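Biologist: Before we start, please show me the sequence and the model, and then let us take the questions one at a time.

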Amino acid sequence: MTMAKRLAIFSDIHANLPAMEVVADYIRSGGYDGVYCLGDLGGYASQPNEVQDIVQSMGCPTILGNYDEGVGFERESCGCNYIQPFDIKMSDVSFFWTREHTSGEHKAWLRELPRQIRLQVGDLDVLLCHGSPASTTEYLFETRSDAYLNKFTVGGRDDAQADVIVFGHTHVPFHREVSGVHFVNTGSVGRPKDGDPRAGYCVLTIDGDQVSVEQIRLAYDIEAACMRLIAAGLPEYFADYLRLAGSVTPPE
């Protein structure tokens with residue numbers, strides 16, 4: 001008789017230390033069979049090094065997110081692929097601040113992170129990635145059609161050869177099954193975009209070939225994160241974004 005396995009999986013902390021502290025404490029007390037981080041430790045808030053220290057202290061396997069790649073390898077952009085001019089401007093402000101304020105030691109650690117992790121859990125093959133199985137920067141939005149997601153299922157153009165695909169990058173949690181493959185977005189620890197400002201992570205439970213997903217949301221001291229990023233010289237817009245979980249009207 002197989003025993004169900006419970007995995008805690010989190011992503012997109014984005015330098016929000018108060019959120020990461022709460023999530024880390026909660027995960028440590030959860031008795032999980034495994035803990036994994038899907039990347040994007042820095043950006044948009046003011047404590048990328050401290051966040052990275054917590055993730056390292058948890059001893060959890062960690063994936064290279066697009067932000068981690070940009071900072072670690074000192075690229076010229078975060079690979080966020082924004083379209084609107086204001087979003088591009090804010091993204092650049094965040095990226096160059098983060099690149100400048102992430103220590104050399106922390107950048108070196110980021111450069112060693114893998115792009116994917118594959119697991120055998122119960123009877124199922126699980127793929128962990130940041131954006132999509134094909135690209136660190138691809139957004140698998142909750143609004144993607146079944147036809148779009150089918151490219152990652154059996155026989156698809158980018159067949160991921162996985163029964164469960166877990167990812168982040170969009171900051172909006174969801175769980176869908178398409179052509180027998182489970183698509184699971186963990187949401188975001190430090191910068192949710194779904195209108196719920198609480199820190200988020202997911203619990204993936206696999207029992208044989210059965211899959212269930214629980215999206216955990218945790219209250220944290222949002223104002224502490226906001227005050228710290230403002231004091232660090234980052235735009236107050238980023239604080240408003242945390243408070244409203246993405247539903248911010250950019251200034252004219």
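**Cavities, cysteines and a helix**

Biologist: Which helix gives the largest share of the lining of the second largest cavity?

Modeller: This is a predicted model, in which local features need pLDDT of at least 70 and side-chain atom pairs count only at pLDDT 80 or more, while totals for chains, interfaces and linings use all residues. Residues are numbered from 1 along each chain as its sequence is written, and side-chain values use heavy atoms, with hydrogens and water left out. Helix 2 and helix 3 (66-72) each supply at least two lining residues here, where helices are DSSP runs of H or I with at least four residues, numbered from the N terminus. The largest share, three residues, comes from helix 3.

Biologist: How many charged residues does the lining of that second largest cavity have?

Modeller: A cavity is a set of points, on a 1 Å grid over the protein atoms alone, where a 1.4 Å probe fits but cannot get out, and lining residues have an atom within 4 Å of a point. Among the residues that line the second largest cavity are Leu41, Pro48, Tyr67, Asp68 and Val71. Ala, Val, Leu, Ile, Met, Phe, Trp, Tyr, Cys and Pro count as nonpolar, Asp, Glu, Lys and Arg as charged, and the others, Gly among them, as polar. By class, this lining has five nonpolar residues, four polar and, as charged, one.

Biologist: What is the volume of the largest cavity?

Modeller: The structure holds three cavities of 30 Å³ or more, and a volume is the space filled by probe spheres set on the points, which are joined across faces, edges and corners. The lining of the largest cavity includes Asp12, His14, Asp40, Cys80, His169, His171 and Lys193, and by class it divides into five nonpolar, four polar and three charged residues. The volume of the largest cavity is about 70 Å³.

Biologist: Which cysteine is joined to Cys78?

Modeller: The structure holds one disulfide, a term for a pair of cysteine sulfur atoms within 2.5 Å. The torsion about its S-S bond is about -140°, so the disulfide is left-handed. Cys78 is buried, with a relative accessible area of 5%, where buried means under 20%, partly exposed in between and exposed over 50%, for a 1.4 Å probe and protein chains only. With an S to S distance of 2.1 Å, the partner of Cys78 is Cys80.

Biologist: Which residue with a positive phi follows helix 2?

Modeller: Helix 2 covers residues 48-58, and its buried residues include Val51, Ile54, Val55 and Met58. An α-helix has 3.6 residues a turn, so residues three or four places apart point the same way. What covers the buried residues of helix 2 includes helix 1 (17-28) and helix 4 (85-101). After helix 2, with a phi near 70°, comes Gly59.

Biologist: Is Thr205 buried or exposed?

Modeller: Thr205 is found in strand 8 (residues 199-207), a strand being a DSSP run of E with at least two residues. Leaving aside neighbours within four places in sequence, Thr205 has contacts, meaning heavy atoms within 4.5 Å, with residues including Ala4, Lys5 and Arg6. At 19% relative accessibility, Thr205 counts as buried.

Key: 1 Å grid on protein atoms, 1.4 Å probe; cavity = no way out; pocket = protein on both sides within 12 Å on 5 of 7 lines; lining within 4 Å.
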